[in-house]
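I am opening a notebook on a structure that is new to me, and I mean to write down what I look up, entry by entry.

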Amino acid sequence: MTKLFAYTDGACSGNPGPGGWGALMQAMDGTKVVKERELKGGEPHTTNNRMELLGAINALESLTRKTEITIITDSNYVKNGITSWIFGWKKNGWKNAAKKPVANAELWQRLDIANAAHDVTWKWVKGHAGHPENERADELARAGMAPFKSK
């Protein structure tokens, strides 16, 4: 049985500054990669958290039909936000515990819609720790940022 995985990451040069996001999509049959796709993009002035979110959003939005997928991120912000914090934010009208507007609310709302369209399992992996697919997602995020960095 083929299983789908997305390894997502974000990068920023300065925070805020130019940034990029990346997603490595892999269809696996057991331990064998049967199909692979790379996604990347960036913005001239952004934050690392926004790029982390856009990596996951773009991975999910790239799917054309309801799919069972595991998203692996090195961002606790993304993983905890979508699996835990978002329920309180929605209940409280997109306000955080301090009654202030949730940072990046428009991206969280977009991720919430994309997440609901699929059967998603969220996993966290330690970043910059030699995990091959996470390192590739990081490379994609840096490549997505490259056009926006000053030479």
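**Entry on Lys 126.** I looked up Lys 126 in this predicted model and found that it counts as exposed, because its relative accessible area is 54% and the cut-off for exposed is over 50%. Lys 126 sits in the loop between strand 5 and helix 4. When I set aside residues up to four places away in sequence, I found that Lys 126 touches Asp 74 and Asn 134. I also checked Lys 126 against Met 51, and the two are 75 residues apart in sequence and 17 Å apart in space, taken from C-alpha to C-alpha.

**Entry on His 128.** His 128 is a residue other than glycine, yet I noted a positive phi for it, near 55 degrees. With a relative accessibility of 56%, His 128 counts as exposed.

**Entry on the loop between helix 2 and helix 3.** I then turned to Lys 99, which lies in the loop between helix 2 (76-91) and helix 3 (105-116). Is Asn 104 buried or exposed? Asn 104 is found in the loop between helix 2 and helix 3 as well, but its relative accessibility is 15%, so it counts as buried, the cut-off being under 20%. Leaving aside neighbours within four places in sequence, I listed Asn 49, Arg 50, Leu 53 and Tyr 77 as the residues in contact with Asn 104.

In what order do the five strands of the open sheet stand? I wrote down the order 3-2-1-4-5, with mixed pairing. Strand 3 and strand 5 stand at the edges and have a single partner strand each, so one side of each is left without a neighbour in the sheet. For the twist I noted an average of 20 degrees from one strand to the next.

**Entry on strand 1 and its partners.** I followed strand 1 to strand 2, and the two run antiparallel, joined by eleven bridges. As an example of this pairing, I found Thr 2 standing opposite Asp 29 in strand 2. The two strands form a hairpin with four residues between them, and Gly 14 in the turn has a positive phi of about 85 degrees. Pro 16 is found in the loop between strand 1 and strand 2, and I noted that the peptide bond from Asn 15 to Pro 16 is cis, with omega near 15 degrees. With strand 4, by contrast, strand 1 runs parallel, over five bridges, and there the bridge partner of Thr 8 is Thr 73. Eight of the eleven residues of strand 1 are buried, so I recorded this strand as largely enclosed by the rest of the structure.

**Entry on strand 2, strand 3 and the helices that pack on the sheet.** I counted off the pairing of strand 2 with strand 3 as antiparallel over twelve bridges, and I found Gly 19 opposite Glu 43 in strand 3. Helix 1 (residues 48-61) packs on the sheet and touches strand 1, strand 2, strand 3, strand 4 and strand 5, and its direction makes about 155 degrees with that of strand 1. Helix 4 (residues 132-145) also packs on the sheet, where I found it touching strand 1, strand 2 and strand 3, with its direction at about 140 degrees to that of strand 2.

**Entry on the largest pocket.** Last, I looked up the largest pocket, which has a volume of about 500 Å³. Of the 21 residues that line this pocket, I marked Leu 4, Met 25, Ala 27, Leu 63 and Thr 67 as the closest to its centre. Which strands each supply at least two residues of the lining? My list has strand 1 (2-12), strand 2 (17-29), strand 3 (32-46), strand 4 (68-73) and strand 5 (119-124). By residue type, I divided the lining of the largest pocket into six nonpolar, seven polar and eight charged residues.

Notes
Residues numbered from 1 in each chain as written. Predicted model: local features only at pLDDT ≥ 70, side-chain atom pairs only at ≥ 80, totals over all residues. Heavy atoms only, no water. 1 Å grid on protein atoms, 1.4 Å probe; cavity = no way out; pocket = protein on both sides within 12 Å on 5 of 7 lines; lining within 4 Å. Points joined across faces, edges and corners; volume = space filled by probe spheres on them. Nonpolar A, V, L, I, M, F, W, Y, C, P; charged D, E, K, R; others polar. Pairing = 2+ DSSP bridges. Axes fitted to C-alpha atoms, helices over the stretch in contact; angles between N-to-C directions. Contact = heavy atoms within 4.5 Å. Buried < 20%, exposed > 50% of the residue type's maximum accessible area, 1.4 Å probe, protein only.
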